[in-house]
Structures are given as structure tokens and as C-alpha cells.
Amino acid sequence: MPASLPLSAPPPRDHDVLIIGGGLVGASLAIALERIGLDVGLVEAAPSGALPEVFDERNLSFAEATINALTALGVLQKLRAPSGAIERIHISRRGDFGRTLLDARAHGRSEFGRVVVARDFGEALEARLAELPRLRRYRPVRFIALEPDAGDVRDRAVRVADAGGERILRARLLVAADGTRSGVREALGIGADQYDYRQTLLVTRLRAEQAPDGTAYERLGEHGPTALLPRGDRHYGLVHAVASDTADAVAALDEAEFLAHAQTAFGWRAGRFLACGARSAYPAIRVLAQRTTAARAVLVGNAAQTLHPLGAQGFNLGLRDALTLAELLESARTRATRNTTEFDCGDPALLAAYAQRRRDDRERTLAFSDGLARLSANPASLLRPLRSLGMFALDRIASVQSLLVGGALGYRGDVPSLCRSPADRGA
């Protein structure tokens with residue numbers, strides 16, 4: 001502590017905002033906060049020069065709103081590998097009649113979004129983070145615990161550790177962006193409701209007889225979806241759900257056997273499956289935090305909610321968490337400057353406004369993702385005609401289809417300004 005401070009003074013603050021977690025949402029939030037001039041610290045488990053584990057071979061579907069935002073943040077311009085345009089979305093269920101085909105052109109768009117490999121996106125985020133002059137990165141550093149109040153109730157203090165030992169970091173606002181098994185969420189005493197879909201998702205890059213033509217396929221089944229996403233390298237991103245109790249056996253299949261297994265689940269709309277890369281497995285479990293804020297703390301991304309990947313809503317929703325928070329902080333700072341009052345980025349009223357603004361988008365996206373996952377996987381024969389009727393309605397009735405299209409584009413609830421097109425936000 002500097003000698004000029006009286007003994008009764010609180011310890012000096014390290015940052016305005018401290019983000020725990022340098023994954024997709026945490027890194028995006030750090031970039032968004034840099035734009036508005038805040039002093040931000042980013043605690044990352046991965047060492048310098050290495051990407052977090054989340055940046056693997058998974059294929060991320062970025063909605064139009066997400067594309068708009070990441071372009072405004074200067075991230076997508078850093079992509080070195082080509083992304084794949086999603087021009088159409090084809091939805092069907094094995095064993096049911098009917099199908100739904102959404103075409104972006106019918107809704108005044110050239111595409112619904114784009115497919116980006118998580119590893120490529122991680123490299124683009126890293127390149128953009130390296131350009132931020134004010135950001136302080138702590139890596140490799142682990143979150144240990146929250147510290148009790150040390151005399152200034154306007155701060156949050158956290159204990160972190162690296163190879164050299166432990167230290168305390170203090171900030172006006174603490175952001176938990178540390179994923180599904182969030183240590184910060186647990187330390188804040190925020191409970192989480194979990195639902196195990198009893199599905200495991202096997203993810204890989206796949207080559208088929210027919211090269212991608214801009215169509216993203218969702219083939220539903222009783223053990224979950226089998227999806228083909230059009231990548232930018234003339235391959236598909238395959239997501240193949242299997243029952244969890246058979247996952248180890250399916251994962252152990254050789255390449256030809258695995259391709260046959262996935263082909264049976266998906267069908268032949270892309271022709272014969274020819275080859276695939278290494279496979280990764282992820283359990284499908286919904287985790288929903290019982291609240292998204294605490295005193296001088298907020299949850300974003302998977303720390304707030306982890307969704308079933310059906311419909312590819314997870315990162316898109318988490319990014320809207322981050323951008324809503326950044327937008328509210330920018331507005332509050334502008335008001336404080338105009339009124340010559342102190343700006344407090346952990347103000348309870350600001351966090352209450354955040355929770356309120358995110359409620360509609362969060363609830364509607366969760367309801368869509370969870371409802372579709374449960375309904376599509378239910379093998380009950382009585383549901384088959386209802387699902388077929390639903391497919392017919394989605395394919396033929398414009399008003400019904402528009403509800404699905406709005407979600408596919410990323411426009412649900414009170415959308416952050418950066419998610420809108422430059423023309424719509426006056427940029």
C-alpha cells in the first residue's frame with residue numbers, strides 16, 4: 001500500500017471491471033469495454049501464446065446479429081480462414097413426415113449467418129486483444145475465491161493464483177465469464193438448475209460427395225440432432241448426437257464405421273459421407289443460473305446459461321449478454337460525465353437494468369432451445385403427427401416461419417445496438 005494513504009483507507013482499486021474467463025464471451029466483452037475507455041482486467045487460465053480449450057475444432061454458427069457485432073468490434077476482420085455462409089436452413093426429423101426449409105432470400109437477406117471454426121475465431125480474438133492498449137491480461141492465472149469486504153463496499157476483491165503464488169485483485173465490477181462450471185458463480189452463492197438430456201455430441205469435420213452449397217441441415221432424431229454446417233473450406237461441420245450410454249462405443253468406432261453410423265442418422269441429402277477428421281465429445285447438459293447478478297457482480301455467457309446446442313443459440317446469446325452489459329456501462333458513463341457525477345460501473349441500479357434487459361431474450365431463447373430439444377427427441381408415437389404438422393406450418397405459413405427466422409438471425413428481445421446493421425444503428 002502506498003505510504004501516502006492513511007491506514008484507514010481501502011486498498012487501491014486495480015480495475016473498473018475484472019473479467020474472469022478469457023473464452024469466447026469474456027474476450028468479446030473485454031474488446032467491447034475497451035471501446036468505451038474502461039480500465040479492464042482479464043483473468044485467463046491459458047498461458048500467453050496458447051488458446052483456451054474452448055477454441056477447438058467445434059463449428060460455431062454466428063447469427064446475423066453476431067456477425068454485425070463482431071465486425072463492429074474489429075474481430076471478424078482478423079479471421080484468416082474462410083467462413084461458410086448459411087443461406088438456407090433445412091430441418092427434418094427421422095421417422096416423421098414433412099420438413100422445413102428456410103431461405104434467407106425469402107426474408108430479404110443473402111444469408112442467415114456464417115459458420116466459423118472455434119479455433120479460427122480464437123485466433124482472431126487473440127489478434128484483436130493484442131491491439132488493446134488499456135487491457136491488462138493476467139495469464140495463466142486461476143480464480144481461487146472471493147475475498148471478504150476489506151472496507152470499501154464499492155469494490156469486489158478476488159483471490160487469484162499463478163505459478164508465483166496468490167494475490168488479490170480489486171474492481172468495481174466483477175464479471176463471471178468462466179463457463180458452465182463457473183467457480184465465480186459458485187463463490188457468489190448463486191445456484192444453478194441442471195437438466196441432463198442424456199445425449200453426447202460428437203463433433204468433427206466431414207467431407208461428403210456433395211460439397212456445401214450454403215445449406216445448414218438439422219436432422220432430428222430420438223437421440224438428438226445430427227447437423228451438417230457449411231464450413232468455408234468445402235467441408236461440413238458435423239454434430240452427431242448419440243445416447244450418452246452408447247457414446248463411448250460410438251466414439252471408439254473406426255472412421256468407416258463412424259461415418260456409416262452418422263449416415264444412418266442423417267440420411268443422404270449431402271450424398272455419401274466420405275471422410276472425417278478427429279472427433280471430440282461433449283455432453284448435452286442445460287445449466288441455468290438462478291439469477292444473473294449479485295452485489296457488484298454479473299454472470300455472462302455459459303456461466304449464466306448453458307444451452308443444448310440444437311439451433312446453435314449458445315454463443316449468440318452469450319455475446320448479447322456481453323454487449324448489453326457494455327452498452328449499459330457506456331450509457332451510465334455518458335450520463336455521469338454529463339451530470340459531473342461519479343461513474344460507478346457496479347451500481348446496483350445498473351445491474352438491475354442489465355438483468356431486466358436480458359430477461360426476455362434469455363427466457364425466449366432458453367424456451368426455444370430446450371423445448372425443441374425435448375420435443376424432437378421424444379419417441380412417443382402420438383407426437384409424430386403433431387411434429388409433422390408443425391414442420392408443415394413452419395414451411396408454409398409465413399407468420400409462423402418469421403418467428404423462427406428472427407431467432408436464427410439473432411434478434412430476440414431488446415437487442416444491443418452493435419448487433420444491428422450499421423445503417424440501423426446510424427454508424
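**Ground rules.** I am working from a predicted model, in which local features need pLDDT of at least 70 and side-chain atom pairs count only at pLDDT 80 or more, while totals for chains, interfaces and linings use all residues. Residues are numbered from 1 along each chain as its sequence is written, and side-chain values use heavy atoms, with hydrogens and water left out. Helices are DSSP runs (H or I, at least four residues), numbered from the N terminus.

**Entry: α1.** Is α1, residues 24-34, buried or exposed? I found eleven of its eleven residues buried, so α1 is largely enclosed by the rest of the structure. Buried here means under 20% relative accessible area, with a 1.4 Å probe and protein chains only. The buried set runs from Leu24 to Glu34, with Gly26 and Ser28 among them.

**Entry: α1 against α7.** I next looked up α7, residues 314-338, which packs on α1 at about 25° with the axes 9 Å apart. Axes are lines fitted to C-alpha atoms, for helices over the stretch in contact, and angles run from 0 to 180 degrees between N-to-C directions. That makes α1 roughly parallel to α7, a label for angles under 35 degrees. Their crossing is right-handed, meaning the near helix is turned clockwise from the far one by less than a right angle. On the α1 side I noted Leu24, Val25, Ser28, Leu29, Ala32 and Leu33, which meet α7 residues including Phe315, Gly318 and Leu329; contact means heavy atoms within 4.5 Å. I sorted the contact residues into twelve nonpolar, two polar and no charged. For this sorting Ala, Val, Leu, Ile, Met, Phe, Trp, Tyr, Cys and Pro are nonpolar, Asp, Glu, Lys and Arg charged, and the others, Gly among them, polar.

**Entry: α1 against α3.** How do α1 and α3 pack? I read an angle of about 30° and axes 10 Å apart, therefore this pair is roughly parallel too. Here the crossing is left-handed. Leu24, Ala27, Ser28, Ala30 and Ile31 of α1 meet Phe121, Leu125, Arg128 and Leu129 of α3. By class I have seven nonpolar, one polar and one charged.

**Entry: helix lengths.** I checked α3 (residues 118-129): at 1.5 Å a residue its twelve residues should span 16 Å, and the end C-alpha atoms are 16 Å apart, which agrees. The expected span is 1.5 Å times one less than the number of residues. Just after α7, threonine 340 takes a positive phi of about 50°.

Conventions: Helix = DSSP H or I, 4+ residues; strand = E, 2+ residues; numbered from the N terminus. Parallel < 35°, antiparallel > 145°, perpendicular 65-115°, else oblique. Buried < 20%, exposed > 50% of the residue type's maximum accessible area, 1.4 Å probe, protein only.
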